[in-house]
Each structure stands twice: as structure tokens, then as C-alpha cells.
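Me: I have a new structure open and would like to learn how to read it. Can we go through it feature by feature?

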Amino acid sequence: MSIHRNLMTVCFAAVFALGLAACSSSSDDPPADTGMMETGPTPEEQIATLQKEINDLRTQLGLEADDDLSDSISDLQDEVADLKQQIQDAADDESDRMAAEARATAAKLYAGIYAPAADATGTDVGNVHAAYNDAETAITVTMGDGTAANGTDLSEDKKTTVAANHGWAGKRYADPAGGDSYEAIVYSNVEASTMGKKFGGAAANDEFEYALTNGMITVDTSQAGVPARVALPGVTRTAGTETFKLPDPNPNNEQFITVSGNYHGVSGTYSCDTGADRDQACTASVAASGFTFAGTWTFKPSNPNARVMSAADIAYASYGWWLMKTENGKTFTASAFHDFKGTPGAVDIADLLGGTATYMGGAAGKYALASSTGGTNDAGHFTARATLEADFEDDMISGTIDMFMGADGMARDWSVELKEAALGTDGAITRDAANDTAWTIGGTAASASGEWSGNLREEGTDGVPKAASGTFYTEYGTAGKMVGGFGANKQ
């Protein structure tokens, strides 16, 4: 380190320790003669510069020449301590606010979690129910007396992406009407599409799926299976009918309405012939899967050599949870459900004379751990793993829900035992009235409580059902409630 830097360091230290006089007195001794010409400022010049900076600082701080800096430094330290305390107080207030909010949410959800009803009948709010509506275009949530008047249809929210859960595709449904707010998260066992023949040529044969006339085909959605092949990305409605009209005015006397879309997984253009009547209805109505058309529609593929994809899966099991919040936000009601969209294949496990099967998949639902005495307050939705073991010798089944992820995306050290239940010959999982589940937290199991039920579904070529779906409800003493649905595939 150079003599100049040493000198400046000493001066800075002296300013705060002994005052400026100590720094000034060090200038009496000249630097040693090194035989080299000095190129930087002399010590006297450095001290003068430092003195000016100190004087400027004193002026900014409102200090006189003879003021003792130690008092100012002490005051500054006190101010820093006060500021630190203010920051800590603000952090404590925010922590208290968040804790109070967590307590309120946990208390409302704890009070509003109900076991799924076996059906939609009954007069108590505990008899809550959800399922696909008759048209299979929405999830209908029913509370109260189970009449249609008390049912609320939740339409698919196409703007929100829900991640798959252990291979089952996720969707969000909601009620757009306003007032009390409803939402449902649904997971479905939709089979992936498979690639087939080229779209079309001069004739339908082993190479081409369709015979094209002038490069197009007529689309008749009255035929079975055809609506599921129609996809209209530009139509965002999830129910009802979209009406297409010619431009008005129509200076070019256009006769055809054109709509971009996909047919059988191949992109192209749909056209509807309005004929001589420009007001002829050309409509597309939302079907259980795809769309049905009114009017005379054709489809022209962008590339006739593109491979068709198998029609959308229209028969699959689903499970999920739903939540209702009153308009004033004071009351929550939550439960879970499982259902089958489309016509489920027959299951007859009476033909199975023995053997076992393991089903693995996912679970999802709502939970609340509520305490008014300083304990845990944690509430929200969860995802988890579901494992079922079926014994076709004794026609019994049991399971476990574990690998929980909480509302904050963090793992929870929980598991739920689904105690052994009877299997009906049609694959129904028959539960007792109570004490069918046991919730474990951190290795400590609560007393048996709750209930669970479900179905084995979609018989495979070996006679063993390919999938399972169901619901469960459990309690952790008086501190916790949980309700959820599950879906799993045979391994």
C-alpha cells in the first residue's frame, strides 16, 4: 500500500477518533526521499482536500467547527435502531394480518366441507351433489332439496389451463352468472388420439379415409360419432348455439359462410351453403363432444394427405372438487364428486374367479386445518397420489391417498387410509356409514372417521376393469376436514 493511501486511511480514522487536529499534525514530517519524482498530490494537498470534504459534510449536517461528532453519531445510531424497530413492527403487523386471514379462511372452509352425497336427494345442505348434466356439456352442482331449480351449471373455462394429475387431464369449470361464485376442478381419463389414414382422395380405401368431391366432403353431424370429429377453435362458447350469417351488406353476393376448424384432427375450412335465402340458419351447437351443425356444411382439408386422428374420446371417468363462495364471501361450501361422461361399458367382476389388481392415479380436493388457539391454520386445495388394491377372490378393495401437495405448492406429510370395502358384481365400491378412513399427519394417525366410495370402470379384454374413480371424506379429530375425488388406472 502506498504512503499516500496509508496517510489518507489514518486521516479518515483520525477524523472520527481524535478530530481534525490529529490529521493536521501528521503533515510536519516530509515523506522520505525515494530518489523518484512524486507524480501524485502531496500529503499536504490530500489533507487539504480531505479537510474540504469534512467541512462540506459538517455544513450539510448543520455542525459547527467545534461540535463533537460523537453526539451526532450516537443520535444517528439511535435513529437507525428506531428505523429497524419500525421495520420489524411492520413485518409483525403483516404477519399478524396474514395469520388472521389464514384463520378466517380455514374456519370458513372447515365449516363448509361436506362429504359427497350418494345421490342428489335430501333437504339438508350436507346432501351436496355434482355430476355431468344430461347434455354432458357442463358440471351441475346441486345443494338443498336436489331439484333442478337448485342446480347450478358450471361451464368449461377454456381460458384457464389445469395441469394433468397423474395422467388424468385437468379442466376448470365455473359459473359465469355472477352472484355466488362456483368453480370446479375436474380430472378425466381421456384416451389419447391415434393416427390413421390420409384424410382423403378420389375414393375411400386402405390409403384414404374419405372420398373427396372437388377436394371436400359433406359433414352430416346427425350421424353417430360425427359431432366428436368437429372442432371449431374460433367458437369459445361452452354451451348453446353459435349462428353464422353472411355479411350485411353483401356487395359480392356471397352465398357461402366459411369457418376455420378441424375435422377428424385435420385442419381446413368449413363452408355452409345459404342457398337462395341469405337468412338461412347456419349454426353450430355445442354437443357433449364437438358440435352439431344446422344447414348444409362441407369441409375442405388444407392438406388432403394429412393423417386423420381418432375421434375425441367421448366415454371416460372423471373426478374432482367444487367450491361455492357466497357473494358476500362469508360462507364456503365445498365437496367432491366422480362421474362417467358418455356410456360406461359394463363391468361384471362375478366372472373373475380370483386374482388381484393394483390401480394407481391421482386425487384432488379441499382441506382445512383450523385452530382458534394458536395451532395450525392451513386451508385450500390439494393434489395427491391414489393407490387401490383390489382382491377379486374376496371381492374387496382398499387404498391409500398420499404424496400430498398443499395449496401453496409445498409437500405435506399426510396420508389417508381408505379402509377395506366390498366390491359389488357391477364394480361398485360399497362403503359403510362411517369410520371408513384414517388421516395421518406427520406419522400420527387420527381416529377412524369419514367415508369413501367409488366404482371400478371400463372392463378390459381380460375382464378386469381398467380404471377406478371415487370420492372420500375424512377428519383429523376436531382440527381438520378433507374431501376429495380420485381416479386411477390398472397397472
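**Reading the model step by step**

Reply: Start with a loop. His-264 lies in the loop between strand 12 (256-263) and strand 13 (266-273). Keep in mind that this is a predicted model.

Me: What is the phi of His-264?

Reply: Phi of His-264 is near 55°. That is a positive value in a residue other than glycine.

Me: Is His-264 buried or exposed?

Reply: Buried means under 20% relative accessible area. His-264 has 8%, so it counts as buried.

Me: Where is Met-403, which also has a positive phi?

Reply: Met-403 is in strand 22. Its phi is about 55°, although Met-403 is not a glycine.

Me: How many bridges join strand 9 to strand 16?

Reply: Strand 9 and strand 16 (residues 296-301) are paired over 2 bridges, in the antiparallel sense. Take Ile-217: its bridge partner in strand 16 is Phe-299.

Me: Which strands form the open sheet of 3 strands?

Reply: Read 8-7-17, with mixed pairing. Strand 8 (208-211) and strand 17 (307-309) are the edges. From one strand to the next, the twist averages 45°.

Me: How do strand 7 and strand 17 run?

Reply: They run antiparallel, and 2 bridges join strand 7 (residues 195-201) to strand 17. Met-195 has Met-309 in strand 17 as its bridge partner.

Me: Let's turn to the interior. Why look for groups of nonpolar side chains?

Reply: In soluble globular proteins, nonpolar side chains tend to be buried together. In this model, the largest nonpolar core has 34 residues. Tyr-359, Phe-392, Ile-401, Trp-452, Phe-472, Met-482 and Phe-486 touch the most other members.

Me: Which elements give two or more residues to this core?

Reply: They are strand 20 (356-369), strand 21 (378-391), strand 22 (396-405), strand 24 (414-423), strand 28, strand 29 (465-476) and strand 30.

Me: What does Ile-401 touch, leaving aside its neighbours within four places in sequence?

Reply: Ile-401 is in contact with Ala-363, Ala-384, Arg-385, Ala-386, Ser-415, Val-416, Leu-418, Phe-472 and Phe-486. There is also a second, separate core of 25 residues. Val-219, Leu-232, Val-266 and Phe-293 are included in that one.

Me: Next, the rings. How many aromatic pairs are there?

Reply: The count comes to 18 aromatic pairs. Planes under 30 degrees apart count as stacked, and over 60 as edge-to-face.

Me: Where do Trp-452 and Phe-486 sit in the chain?

Reply: Trp-452 is in strand 28 (residues 451-459), and Phe-486 is in strand 30 (residues 480-490). They are 34 residues apart, and the pair links distant parts of the chain. Both residues are buried.

Me: Which residues form one aromatic cluster?

Reply: Phe-199, Tyr-210, Phe-244, Tyr-263, Tyr-270, Phe-293, Trp-297 and Phe-299 do.

Me: Where does the charged end of Lys-366 sit?

Reply: It sits over the ring of Trp-321, 4.3 Å from the ring centre. Lys-481 gives another case: its charged end sits over the ring of Tyr-110, 4.8 Å from the centre.

Me: Last, single residues. What does Thr-152 touch, leaving aside neighbours within four places in sequence?

Reply: Thr-152 lies in strand 3 (residues 151-156). Its contacts are Ile-139, Thr-140, Val-141, Asp-175 and Tyr-182. Its relative accessible area is 15%, so Thr-152 is buried.

Me: Where is Thr-243, and how accessible is Thr-243?

Reply: Thr-243 is in strand 11 (residues 241-244). Its relative accessibility is 46%, so Thr-243 counts as partly exposed. Not counting residues up to four places away in sequence, Thr-243 touches Cys-282 and Thr-283. Thr-243 and Thr-283 are 40 residues apart along the chain, yet 4.4 Å separates their C-alpha atoms.

Note on methods
Residues are numbered from 1 along each chain as its sequence is written. This is a predicted model: local features need pLDDT of at least 70, side-chain atom pairs count only at pLDDT 80 or more; totals for chains, interfaces and linings use all residues. Side-chain values use heavy atoms; hydrogens and water are left out. Rings of Phe, Tyr and Trp (its six-membered ring) pair if their centres lie within 6.5 Å; planes under 30 degrees apart count as stacked, over 60 as edge-to-face and the rest as tilted. Helices (H or I, at least four residues) and strands (E, at least two) are DSSP runs, numbered from the N terminus. Buried means under 20% relative accessible area, exposed over 50%, partly exposed in between (1.4 Å probe, protein chains only). A charge sits over a ring if NZ of Lys or CZ of Arg is within 6 Å of the ring centre and within 35 degrees of the ring normal. A nonpolar core is a set of buried Ala, Val, Leu, Ile, Met, Phe, Trp, Tyr and Cys residues joined through side-chain atoms within 4.5 Å. Contact means heavy atoms within 4.5 Å. Two strands pair if DSSP finds at least two bridges between them. Axes are lines fitted to C-alpha atoms, for helices over the stretch in contact, and angles run from 0 to 180 degrees between N-to-C directions.
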